[in-house]
Amino acid sequence: MNTKKEIIIGFIVGLIANTIGTLLYILLFSDLTITETFEAAVAQEHIGSLLALGAILNLIAFFGFLKIKRDHRAKGVLIATILTAFIILYYKIF
């Protein structure tokens, strides 16, 4: 397959895994609804922490792709994780 296509697939999987991880964390550990939790996280400046906890699922996707020898897809997941890190850094600074 095309290398760029494989990286894009991995990137999309990384974004989806991060989103699902964040929502799963909210559903399991928050007494509030998803919207209320996001609003509270923004108000209390904890949105970066919430995104970081959601990124834990990227580990599963990354090592899963490495195990099945899809290195370019794992690279896409890594790029999505680095993008998440920059978003977290942005929220921490500003």
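Me: Rings of Phe, Tyr and Trp (taking its six-membered ring) count as a pair if their centres lie within 6.5 Å; planes under 30 degrees apart are stacked, over 60 edge-to-face, and the rest tilted. With that rule, how many aromatic pairs does a search of the whole structure find?

Reply: The search finds four aromatic pairs. In one of them, Tyr90 and Tyr91, the ring centres are 5.8 Å apart and the planes stand at 70 degrees, so the pair is edge-to-face.

Me: What am I looking at, by the way?

Reply: This is a predicted model, where local features need pLDDT of at least 70 and side-chain atom pairs count only at pLDDT 80 or more, while totals for chains, interfaces and linings use all residues. Residues are numbered from 1 along each chain as its sequence is written, and side-chain values use heavy atoms, leaving out hydrogens and water.

Me: Why is the pair of Tyr90 and Phe94 called tilted?

Reply: The centres of these rings are 5.1 Å apart and the planes meet at 50 degrees, so the pair of Tyr90 and Phe94 is tilted. Ring pairs join Tyr90, Tyr91 and Phe94 into a cluster.

Me: Are Tyr91 and Phe94 buried, partly exposed or exposed?

Reply: Buried means under 20% relative accessible area, exposed over 50%, and partly exposed in between (1.4 Å probe, protein chains only). Tyr91 has 43%, so Tyr91 is partly exposed; Phe94 has 72%, so Phe94 is exposed.

Me: What makes the contact of Arg73 and Glu6 a salt bridge?

Reply: A salt bridge needs a side-chain nitrogen of Lys or Arg within 4 Å of a carboxyl oxygen of Asp or Glu. For Arg73 and Glu6 the N to O distance is 2.7 Å, which meets the cut-off. Arg73 lies in helix α5 and Glu6 in helix α1, so this pair ties together parts that are 67 residues apart in sequence. Helices here are DSSP runs (H or I, at least four residues), numbered from the N terminus.

Me: What makes the contact of Asn18 and Ala55 polar?

Reply: A polar contact is a pair of N or O atoms within 3.5 Å; within protein, one must be able to donate a hydrogen and the other to accept it, and residues adjacent in sequence count only if both atoms are side-chain atoms. The backbone nitrogen of Ala55 lies 3.3 Å from a polar side-chain atom of Asn18, inside that limit. Asn18 is in helix α1 and, at 7% relative accessibility, counts as buried.

Key: Helix = DSSP H or I, 4+ residues; strand = E, 2+ residues; numbered from the N terminus.
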